[in-house]
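Let's take a walk through this one, going from a single residue out to the core and then over to a pair of helices. Keep the viewer open as you read.

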Number of protein chains: 4
Amino acid sequence: MTTKLSRLLASSRNHLSKNILCGKDGNLSDGLPLHTFTSRAGISTAGQNLGIKGIAAPYTVFKGKAALSVTPILPTFTKLDSGLHVVERRGVMMLKFIPAIGERKYDWEKKQLFALSPTEVGSLISLGASDSCEFFHDPSMLSSNAGQVRKSLSIKPHSTGSGYMISLTVVNNVEKSRDNLSVPFTTAEFAVVKTACSYALPHILGWDRLTDKVARGHASNFKSDRQLMDSEWDK
Amino acid sequence: MTTKLSRLLASSRNHLSKNILCGKDGNLSDGLPLHTFTSRAGISTAGQNLGIKGIAAPYTVFKGKAALSVTPILPTFTKLDSGLHVVERRGVMMLKFIPAIGERKYDWEKKQLFALSPTEVGSLISLGASDSCEFFHDPSMLSSNAGQVRKSLSIKPHSTGSGYMISLTVVNNVEKSRDNLSVPFTTAEFAVVKTACSYALPHILGWDRLTDKVARGHASNFKSDRQLMDSEWDK
Amino acid sequence: MTTKLSRLLASSRNHLSKNILCGKDGNLSDGLPLHTFTSRAGISTAGQNLGIKGIAAPYTVFKGKAALSVTPILPTFTKLDSGLHVVERRGVMMLKFIPAIGERKYDWEKKQLFALSPTEVGSLISLGASDSCEFFHDPSMLSSNAGQVRKSLSIKPHSTGSGYMISLTVVNNVEKSRDNLSVPFTTAEFAVVKTACSYALPHILGWDRLTDKVARGHASNFKSDRQLMDSEWDK
Amino acid sequence: MTTKLSRLLASSRNHLSKNILCGKDGNLSDGLPLHTFTSRAGISTAGQNLGIKGIAAPYTVFKGKAALSVTPILPTFTKLDSGLHVVERRGVMMLKFIPAIGERKYDWEKKQLFALSPTEVGSLISLGASDSCEFFHDPSMLSSNAGQVRKSLSIKPHSTGSGYMISLTVVNNVEKSRDNLSVPFTTAEFAVVKTACSYALPHILGWDRLTDKVARGHASNFKSDRQLMDSEWDK
C-alpha cells in the first residue's frame, strides 16, 4: 500500500495541490488495522515523515483524537582543523503529534514537534509506573523571538494505573493560539517507547560512532591518541 | 550433526518424498539434549525454518506436546520517488508452534504461525511475574475472508509463580477445525525471549537502519536534510 | 605490559618448555592491580585465552583461590544446498575457572571450562538478589563415554546479601578425581556479567547476523523471501 | 557555533597563547541553554576533549560549581605472534570534572580525570536509588611514585531521594593540594549515565569486536579455531 501512497505523493507533488490527500499510512507501527491520514500537501507530508535522509521509520501510535510518532534524530558532527570530529548539533528523540480530523484521518499539516534532549530521554526511560514528568521548551530561546512560543510536554500515568497520557500544549503569543494534543499510551505502547529510547540514547549521544570507529580498526592513528591520553590519564 | 541434517534434507529434496523424515535439529537452542523432529517434506522444512534469506537462527524451546520457536523478521523498505525510504512491511517477532507427534518428534508440516507486532512485543517484554496477556489476530482482516480464521495467543504465568504457559488457539470456521498448541516456558526460557525481544524491537522498527545510515557517513546529503528539518524544528 | 607478555609467550613457544611461566596478565578486567599468572606452556596459554580467532577479550575476575573468566562464543553457521545458512554449533557463554597456586599466580593448565547455553544464560540474567541456580553438564552426553565426567555449576547469593559465590565441581569417574573451584563475585562484578551476558545473548543466538544481513541491503533477494514468507504468514 | 569554536581553537593553536579562551561548547549534551567554557590553551583543550581519534561525543552535565563529562574509551588490542589479538590496555569509562570559574564558564585547564574500570562501571549501573559507592585510585600505583596522588570518587544519593551527588577528591601529597569537585545529578541525568554505561560496558570490554569479527564472516579461519576449542570444550 505504500507503493500506492508513493504514487499519490508523487502525483500530488506535480500538482502542488493544497487539497486534502487521503492515503494509507505505510509506517503504521502498532497492532491496529491500517489508518488513513490527511494532509493538505503531499510534498510537505513527505518532508514531515522524513527522519534522516533516505530512511523514515517512526514508531507511531494512532488514537482517536491524535497520533504520536517517535523517531530518533542522530547528532551531526563537524570536523575541526585538528582532524577531531565534534558534535555540531546534538541528537534528539523527535516526538510528532498529529491531530485527528475524522475517523482514522489525521492532518499532518497541523502536526506539532517536540524534540527530547538526551537528559529528557533519561527522564522518560526512568519513569516509574506512578511517576509523571513535564518539560518546557521555547523554540526561540536566546533569540529576539524568545517567549513568543511556549511548548510543554507532560507524561502522566492513567488513574487506572496502566499506561500514560502524553500531552503537548503549544501556546503562541503572536498568533494568540493555544493547541493541545493528547495521546493515551497503553503500558505496552509505552514499553515500546522506553525500550526503543533506551536503544536510541547512546546513538543520539553519538557513542555508536565512537565504538564503530575503533571496531573498524584505525589502530595506528589510535595509538598516538592513546599516548596523548595516557599522559592525561595518570595525572 | 547439522551436516548430517543438511545431507538428509538435500537427499529428501531430490526424492521430493512426502515420507516422515527424522533428523537431528541443528538449531536446538535450549540446554536439553538433542531432539529429533519430524517433517513430511524436507524441502518445506527448510522453508519453514527460513527467517530471512540465508540465515535461520530461531530460539526454539522443545517440550512434550509442542515446540515453540521465536525469530525476528525485519521490516522491508520501499523507496519513494523523493529518494526517501519508508517502511513497506513492518517487522514482526514471528512465533512458530510445532506439535509433537511422539517422543522428541515434531511435525513441522502442522506448524502454526503468530506474528507479534512491535506493540505486542512491548506487551510481552513489560509482562510482570504475575501478569498475563492475550492477543487476537485475523490473518484475513480487511479482506473478504475476514472472520474465517481466528487466532489467539495467550501468555499466562504458571500457578507456581515461575515461568509462563504460552498457548496458541487457531479456529478455522471454513475447515471447522480448532487447534490448540501450548508450550510451558521456564523463567529462564522466558528471560531469553524477553531479552532477545528487547534487543530485536528497535530492529523490527527499522531503527538500526536509521543509525547505520548516518554512522557510515552520508554527511553531505545529511546536511541538507538537517536544514530542511531545522525549519520544522524551531516552529 | 602485554607486549612483554607477548614476547615471553613467543619465546616460550620457541623452547616449547613445560616450565612454569610467570607473566603479567594483559587481559585483566577488574579494578585491581595487575596479577601474575602461571602456565606450564606458553603456547597452550595462548590457546586457552583464545575466544574467537584473532580476538581474546574475556572479562576476568581474579580472587584468592581461583580466577573466573567469561567470554561469549558465537554460533557457527553451515550453508545448506538451498543457500540457507543454519546454525551448526550454537553459541555459548564460556566460563573458565583457573585455580590459584600462590599469591596472584594462576595455573592456566588446570583450568576447567563450563559452557552456558542460551537458556542457562537466561537463568543467570534473571537471577534475583536472593536467588540461586545450578546447572549440570556431561561433556560426553549421548556418546559411549556418557557419565564418565560430571560437571555442576552453582551460583549462590552470599549470606550477607551482596554478591554471589560461583562454584564449579567436576567429578571424573575415570580418573577418580573431584575438583572444586569457587570464585566469590561482588555485586558489581556480577552486574558486569549480567549486563555483558544480556548484550551477548542475541549474539550467541545468531540474531545479530539476521539483522546485519538485511541492514546491509540484500533487498532484491530479500523480496522473494518475503513473498515466500507471506504465504506462510496469512495461513 | 562549533564552527566558531573551531576557528577559535585553530587560531589559539597558532598563537600557542596561554590566555583565557572563552567559546561556546559544541558538545553540550543536556537540556540547558549553551554554556561558555574557559581554557588557558586551545590546543590542550582540543586534546582534553579528545575521546578517540576523530570523534568527541561526551555526555556533559553543566552545573553551578563544576561540569562533569562522561565518555567511553575503548580498549586497545595487540597482536601476538600467533595472530591472536589480546587486550593491551583495557577500556574505561572516563569521567572528566571541570571546575566553574564564573557563571557558565568552566576552566578546562583545571579538569580532573577519573577512569572507571569495567567492574566500577558494574557498580555504578547496579546502584539502587538509596545506594552509594566510592572508588579509590592511585594514578602511580605500583610505580615509585605510588601514594603521591590519591583520588577518590563518591556517588551518593541526595537526601531528598532523587538524584545523586558525584564528587571527586584529589589529594596531591607532593604539591600539598587538595581538590574537591562535586556535580549534582538529577535522576534523569543519572539515568542517561546508567543507560549509556550499560550500552558502553560490552564495548569497553572489547566484546563488540568479538561479535563483529565473526559477523563479517571469517568462517574458514574460524573453523580451525573451533576445532581447537572443541577439544577443550569436552574435557
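Which residues does A:Leu153 touch, not counting residues up to four places away in sequence? Bear in mind that you're looking at a predicted model. In that model, A:Leu153 touches A:Leu95, A:Phe97, A:Phe114, A:Leu116, A:Cys133, A:Glu134, A:Phe135, A:Ile166, A:Ser167 and A:Leu168, once residues up to four places away in sequence are set aside.

Now zoom out. A:Leu153 is also among the residues with the most contacts inside the largest nonpolar core, and B:Leu153, C:Leu153, D:Leu153 and C:Trp207 share that list. This core has 169 residues. Helix α4 of chain B, residues 187–205, gives the most to the core, with ten residues. As background, nonpolar side chains tend to be buried together in soluble globular proteins.

Hop over to chain C for some helix packing. Here the axes of helix α3 (residues 118–125) and helix α4 (residues 187–205) come within 9 Å and cross at roughly 150°. Angles over 145 degrees count as roughly antiparallel, so that's what α3(C) is to α4(C). The crossing of these two helices is left-handed. On the α3(C) side, the contact is made by C:Pro118, C:Val121, C:Leu124 and C:Ile125, while α4(C) brings in residues including C:Phe190, C:Lys194, C:Ser198 and C:Leu205. Sort the residues of this contact by type and you get ten nonpolar, one polar and one charged.

Finally, back to chain A and its helix α3, residues 118–125. This helix is mostly covered, with eight of its eight residues buried. Among them are A:Glu120 and A:Ser123, along with A:Val121 and A:Leu124.

Key
Residues numbered from 1 in each chain as written. Chains lettered and ligands numbered in written order. Predicted model: local features only at pLDDT ≥ 70, side-chain atom pairs only at ≥ 80, totals over all residues. Heavy atoms only, no water. Axes fitted to C-alpha atoms, helices over the stretch in contact; angles between N-to-C directions. Helix = DSSP H or I, 4+ residues; strand = E, 2+ residues; numbered from the N terminus. Parallel < 35°, antiparallel > 145°, perpendicular 65-115°, else oblique. Left-handed = near helix turned anticlockwise from the far one by under 90°. Contact = heavy atoms within 4.5 Å. Nonpolar A, V, L, I, M, F, W, Y, C, P; charged D, E, K, R; others polar. Core = buried A, V, L, I, M, F, W, Y, C linked by side-chain atoms within 4.5 Å. Buried < 20%, exposed > 50% of the residue type's maximum accessible area, 1.4 Å probe, protein only.
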